[in-house]
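Work through the two exercises below with the model open. Each task is followed by a solution in steps.

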Amino acid sequence: MTESQSQSQIQNANSASQDPLDLLDGGLKILCYPNPTLKKKSTPVEIFDGELEDFVRRLFTAMRINKGVGLAAPQVGVLKRIAVIEHEGKSYVLINPKILERKGLQESEEGCLSFPGFYADVRRAEKVKVETRTVKGDTEILEVSGYVAKAFQHEMDHLDGKLFIDYLSPLKRSMIRKKISKHTGE
C-alpha cells in the first residue's frame, strides 16, 4: 500500500458518513471479530497534518462513546499505526509507537471493543517505555505502568494484527470463537 493510499484511508474515514447520528460516535464503526482487517498489520504514519489530527479526535470520540479505555485505528478499518488511550482523565496518543523497554509482569482481565462482552486474563509487562510520535510529528518517550501499561500493549498489539485472544490457550480461544460464532451466526 502506498502512502497516498494509506493517507486516503484516513481521509475516507474522516468523510465516511454525513449522517448526524453517526457523527455522535465520530462516524467511525468499530469492527468486531472475526473481521479479517483486525488481523492485518498497520503501516506507519508519514504525513502529520490536519487530517491526522481530525482522525485522532474522532478515534477518541468513538472510544468514549463505546465506553472503551483504548482504541486502535485498525479497529475502525484504518490500517495505520495510530492508537488512543484514556484512563483516569489522562489521554495518550500513540503514533508509530515502539516499545523500548519492558519490566515486570502483571496478569489481569482484559476486554476489547472488538470483542464485546468477552474478557480473559492476559499476562503483560508491568511497566513499558515507549517511543511514539505526537499528532504534530514530534518524537516523545512515555513511561507508564500498571493498567495504562497494559492498555498501551493491548492497543499496540492491534497495530500488528495481534488480538488479546492470541495470548490465550487454544482451548480458551476456541471457546470464545464458538461463542462468537453462535452469537453472530458465522
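**Exercise 1: cysteines**

Cysteine 112 is buried, with a relative accessible area of 10%; buried means under 20% relative accessible area, exposed over 50%, and partly exposed in between (1.4 Å probe, protein chains only). This is a predicted model, in which local features need pLDDT of at least 70 and side-chain atom pairs count only at pLDDT 80 or more, while totals for chains, interfaces and linings use all residues. Residues are numbered from 1 along each chain as its sequence is written, and side-chain values use heavy atoms, leaving out hydrogens and water.

Task: Find how many disulfides the structure holds.

Solution.
1. A disulfide is a covalent bond between the sulfur atoms of two cysteines. The criterion is a pair of cysteine sulfur atoms within 2.5 Å.
2. For cysteine 112, the closest cysteine sulfur is that of cysteine 32, at 8.6 Å, which is too far for a bond.
3. Cysteine 32 is partly exposed, at 36% relative accessibility.
4. The structure therefore holds 0 disulfides.

**Exercise 2: the largest pocket**

Task: State which element gives the most to the lining of the largest pocket.

Solution.
1. On a 1 Å grid over the protein atoms alone, a pocket is an open set of points where a 1.4 Å probe fits, with protein on both sides within 12 Å along at least five of seven lines; lining residues have an atom within 4 Å of a point.
2. The lining has 22 residues, and Cys112 is among those nearest the pocket centre, including also Val69 and Tyr147.
3. Elements giving two or more residues to this lining are β4 (106–111) and α4 (146–159); helices (H or I, at least four residues) and strands (E, at least two) are DSSP runs, numbered from the N terminus.
4. α4 gives the most, with 5 residues.
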